[in-house]
Amino acid sequence: MSERFFNCSLKSYNSFGLEARAVQLWCLDSLEEFEPMQKDGAPALLLSGGSNVLLLGDVPGLVLHSRLKGIRMLDRDETRVLVRAAGGEGWHEFVRHCLAEGYYGLENLALIPGTVGAAPVQNIGAYGIELAERVACVEALELSTGRMHRFSRADCEFGYRDSIFKREPRDRYLITAVEFLLDLKPSVNTRYAALANELAAAGISAPTPGDVFDAICRVRRSKLPDPAQLGNAGSFFKNPSVTEAQYLELKDCEPGLVAYPLPGAGYKLAAGWLIERCGLRGQRRGAVGVHERQSLVLVNYGGGSGQEILALAREVQERVLERFGVALEAEVRLVGSVT
Ligand code: EPU
C-alpha cells in the first residue's frame with residue numbers, strides 16, 4: 001500500500017545521511033495507485049536509493065520514491081536468459097539473486113548501492129563492466145501523462161555514467177522495470193587490475209562467477225566506505241577525459257599519472273589519483289572530508305550539510321584545476337541551490 005508523508009525527513013533516503021526535508025514524500029508501491037501529475041503537481045525530485053544525490057537543502061515540493069518490487073524470468077534459450085526486475089528492487093540483492101539462479105554477467109557490479117530503477121540513469125559501471133552491456137530494455141512511466149514507455153538499449157543512449165534519463169528534462173520518467181539479457185553459461189570478466197590482483201591473492205586461477213562476486217565485494221569493502229556506516233555517494237566526480245596532447249604533457253611532469261587509453265582517441269584519467277596528488281586524501285573540513293582510502297569519495301562524518309560537502313567539492317575541483325589544468329565534473333546529482 002503506497003504511503004504519503006508530509007514535512008518528511010529525507011535523512012534515511014540519501015546515502016550521505018544529510019538532514020533535509022521534503023514538503024511531501026510519496027512512496028509508491030504499485031503502478032495501479034499512480035495518478036498522473038499535471039504540471040503544477042509534478043515531482044520536485046525522484047529519489048530511489050538516494051545513493052547518487054547531494055541534497056543542498058530542503059526540497060520544496062513532492063519527492064517520489066519507488067518501492068515497486070518483483071523479479072521474474074521472462075524467456076530463456078540454451079545459453080541466455082531474459083530477466084525482468086522492478087525498479088524498486090535493491091541493486092545488490094538483484095545481482096545476488098541472479099547469481100543464485102545461475103544467471104551470469106552482473107557479478108562485477110555487486111555491492112553498488114541503490115536500486116534497479118536508478119541503475120540505468122547513470123549507467124552504473126565498475127570493475128570492467130557497465131550496466132548498458134546487459135540491458136535489453138527499460139520500462140518507464142511518464143509522470144505527467146501516466147503513459148508507459150519502453151526504451152530499447154539503443155534508445156537509452158548509454159555513455160560513461162550517462163543516459164537519456166540523465167538529460168533534461170530530468171525526472172520526466174520513473175523507471176518502473178529493467179530487463180536484462182544474462183548468460184546461463186558461466187563466463188567471467190577479470191580484466192580490471194584490482195579484481196585480477198584480488199583473485200590472484202586468493203589463489204584462484206580459474207574463477208567462477210561466484211568467486212568474482214565474492215572478490216568484488218572484498219575489493220569494494222576494502223576501498224569504499226559503507227554508506228550505512230559513513231555517509232557518502234560513491235565517486236563524487238567522474239573520471240575526466242583528456243586529449244592525447246594533454247595526456248602527454250601531464251605524463252611528462254607526472255610520470256606516475258594513472259590513465260587509460262579511450263577507444264577512439266584520448267585518455268581517461270583516474271580522478272582519485274589527481275585528487276590524492278593534490279594532497280587532499282583524508283583531508284577533513286569540519287564534519288565532511290575526502291575519504292582516506294579513495295579520494296574520489298567525499299564523506300559526511302555525521303552532522304555535515306549538503307552545502308559543506310559542496311564547498312569541499314569546489315575546493316577539490318579548484319585544486320585539481322590549478323595543479324593539472326583538468327576540470328572535474330560532478331558525477332553525483334546536485335539537488336537544490338547554493339546558499
Ligand atoms: N587512485 C589513487 N588514489 C585514490 C584513488 C584512486 O591513486 O585516492 C588510483 C588507484 O590506485 C587506481 C586508480 O586510481 O590506480 C583507479 O582507482 P579505482 O580502481 O579505485 O577506480 P576509480 O577510477 O577511482 C571507478 C569508478 C567507481 C568504480 C571503480 C572500479 C568512476 C567515477 N568511478 O573509480 O565507481 O567502483 O572505478 O571500477 O568512474 C561510482 O561510480 O560511484 C563508483 C564507485
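R134 counts as buried, because its relative accessibility is 17% and the cut-off for buried is under 20%. The model is predicted, and the values below are computed from it. The points that follow are grouped by topic.

- R134 sits in a loop, with strand 9 (129-130) on one side and strand 10 (135-142) on the other.
- Beyond its neighbours within four places in sequence, R134 is in contact with Y104, G105 and L106, and also with E179, F180, L181, L182 and D183.

- A110 lies in the loop that runs between helix 1 (91-101) and strand 8.
- A110 has a relative accessibility of 0% and therefore counts as buried.
- Once residues up to four places away in sequence are set aside, A110 touches H92, V95, F213, I216, C217 and R220.
- F213 belongs to helix 3.
- With a relative accessible area of 8%, F213 is buried.
- With residues up to four places away again not counted, the residues that F213 touches are H92, V95, R96, L99, E107 and A110.
- From A110 to K268 the C-alpha to C-alpha distance is 23 Å, and the two are 158 residues apart in sequence.
- F213 and G279 are 66 residues apart along the chain, and 33 Å separates their C-alpha atoms.

**K251**

- K251 is located in helix 4 (residues 244-253).
- The relative accessible area of K251 is 29%, so this residue is partly exposed.
- K251 and D226 are 33 Å apart in space, C-alpha to C-alpha, at a sequence separation of 25 residues.

**Cysteines**

- How many disulfides does the structure hold? The number is zero.
- A disulfide is a covalent bond that joins the sulfur atoms of two cysteines.
- For C8, the closest cysteine sulfur is that of C27, at 7.2 Å, which is too far for a bond.
- The cut-off for a disulfide is 2.5 Å between the sulfur atoms.
- C8 counts as buried, at 12% relative accessibility.
- C27 is buried as well, with a relative accessible area of 0%.

**Ligand site**

- The ligand is surrounded by 24 residues, and the closest of them are Y127, Y192, E276, S295 and E331.
- A polar backbone atom of Y127 is 2.6 Å from an oxygen atom of the ligand.
- In Y160, a polar side-chain atom is 2.7 Å from an oxygen atom of the ligand.
- The side chain of S295 has an N or O atom that lies 2.6 Å from an oxygen atom of the ligand.
- The ligand taken alone exposes 820 Å², of which the protein buries 83%.
- Which elements give two or more residues to the shell around the ligand? They are strand 8 (125-126), helix 3 (209-223), strand 13 (231-235) and helix 5 (271-277).
- Helix 5 supplies the largest share of this shell, with three residues.
- Sorted by class, the shell around the ligand comprises 10 nonpolar residues, seven polar and seven charged.

How values were computed: Residues are numbered from 1 along each chain as its sequence is written. This is a predicted model: local features need pLDDT of at least 70, side-chain atom pairs count only at pLDDT 80 or more; totals for chains, interfaces and linings use all residues. Side-chain values use heavy atoms; hydrogens and water are left out. Buried means under 20% relative accessible area, exposed over 50%, partly exposed in between (1.4 Å probe, protein chains only). A residue is near a molecule or strand if one of its heavy atoms lies within 4 Å of it. A polar contact is a pair of N or O atoms within 3.5 Å; within protein, one must be able to donate a hydrogen and the other to accept it, and residues adjacent in sequence count only if both atoms are side-chain atoms. Accessible areas come from the Shrake-Rupley method with a 1.4 Å probe; for residues, only the protein chains shown count as cover. Helices (H or I, at least four residues) and strands (E, at least two) are DSSP runs, numbered from the N terminus. Ala, Val, Leu, Ile, Met, Phe, Trp, Tyr, Cys and Pro count as nonpolar, Asp, Glu, Lys and Arg as charged, and the others, Gly among them, as polar. Contact means heavy atoms within 4.5 Å.
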